[in-house]
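Reader: Could you take me through one part of this model in some detail? I would enjoy a connected account.

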Amino acid sequence: MSKPWKGMKEFVGLEEVTKLDFLVMLFAEILGTFLLVLLGCASCITWIDTKPPNVLHIAFTFGLAVASLAQALGPISGCHVNPAVSFGLLVSGNCSLLKTVCYVVCQCCGAIAGSAVLKLILPKTQVAQGLGVTALDSNVTAAQGVGMEIIITFLLVLVVHAVTDPKRTDVKGWAPLAIGLTIAVAHMAAVPITGSSMNPARSLGPAVVDDKYEHLWIYWVGPLVGAGVAGVVYRMGLRANREDDEGSYDF
């Protein structure tokens, strides 16, 4: 988590995005989202008709992929690899406006590239079955889908804020694992319902490459709303801003 902005200059972030190092951060976001979509969506591919990938398989692929990427790219760009995470940090005052916009563009480009490469390296028989496009269960309404995406993204962005809060010392070194496990838990709960996106870029990549846009709006509206609420909630009431240890537990 970066230093919270305190004025209009910090909110816009023009000085930050004009530094040469910012290009490295953008590359890290492209690379991270590229690998996340490529590896994560690869786990959704059915190779044996009678044995499609199960929820646990998909959940831990996405969760461990994000944990690995966060460990590698976190010190460089923060490893958002998710427009919802960037937006949530913007709302809570921990990411500037221009940085958020640049990150989201790079994340979307990385996701599309990851899905395109996955399509190139898969046999045509597997490509014909889809590239891991997120979709609602046939019995789930659009409103229910949005609701589930709001909830799981709220959880993810809340955890991201908590484990990257510089005032917390109890989670040092555990941030990547905590975030990865959060994604795995959310997938185990939501894959049968919405496909468990919680990441607009992850849904956009396969949709663009596979040319399937039905309900894509759900995977933008739900995650962005959930992330925004999480940013507000953490900024207003949950961030570690007390100097004493009152109300805390020591383990």
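Is Cys-108 buried or exposed, and what is its relative accessible area?

Author: Happy to. A word on the ground rules: this is a predicted model, in which local features need pLDDT of at least 70 and side-chain atom pairs count only at pLDDT 80 or more, while totals for chains, interfaces and linings use all residues. Residues are numbered from 1 along each chain as its sequence is written, and side-chain values use heavy atoms, with hydrogens and water left out.

Cys-108 is buried, with a relative accessible area of 11%; buried means under 20%, exposed over 50%, and partly exposed in between, with a 1.4 Å probe and protein chains only. Cys-109, at 46% relative accessibility, counts as partly exposed.

What about disulfides? A disulfide is a covalent bond between the sulfur atoms of two cysteines. Here the criterion is a pair of cysteine sulfur atoms within 2.5 Å, and by this rule the count is zero. For Cys-108, the closest cysteine sulfur belongs to Cys-109 and lies 7.0 Å away, too far for a bond. Cys-109 is in no disulfide either, and its nearest cysteine sulfur, in Cys-106, is 6.4 Å away.

Helices here are DSSP runs of H or I with at least four residues, numbered from the N terminus. Helix H6 (residues 97-121) packs against helix H10 (residues 200-210) at an angle of about 45°, their axes 8 Å apart. Those axes are lines fitted to C-alpha atoms over the stretch in contact, with angles from 0 to 180 degrees between N-to-C directions. H6 and H10 are therefore oblique to each other, a class left over once angles under 35 degrees (roughly parallel), over 145 (roughly antiparallel) and 65 to 115 (roughly perpendicular) are set aside. H6 passes H10 in a right-handed crossing, where the near helix is turned clockwise from the far one by less than a right angle.

With contact taken as heavy atoms within 4.5 Å, the H6 side includes Cys-108, Ala-111 and Ile-112, and the H10 side includes Leu-204, Gly-205 and Val-208. By class, the contact has nine nonpolar, three polar and two charged residues. Ala, Val, Leu, Ile, Met, Phe, Trp, Tyr, Cys and Pro count as nonpolar, Asp, Glu, Lys and Arg as charged, and the others, including Gly, as polar.

One more stop is Ser-196, in the loop between helix H9 (175-194) and H10. Ser-196 has a positive phi of about 55° although it is not a glycine, and Ser-196 is buried at 0% relative accessible area.

Key. Helices (H or I, at least four residues) and strands (E, at least two) are DSSP runs, numbered from the N terminus.
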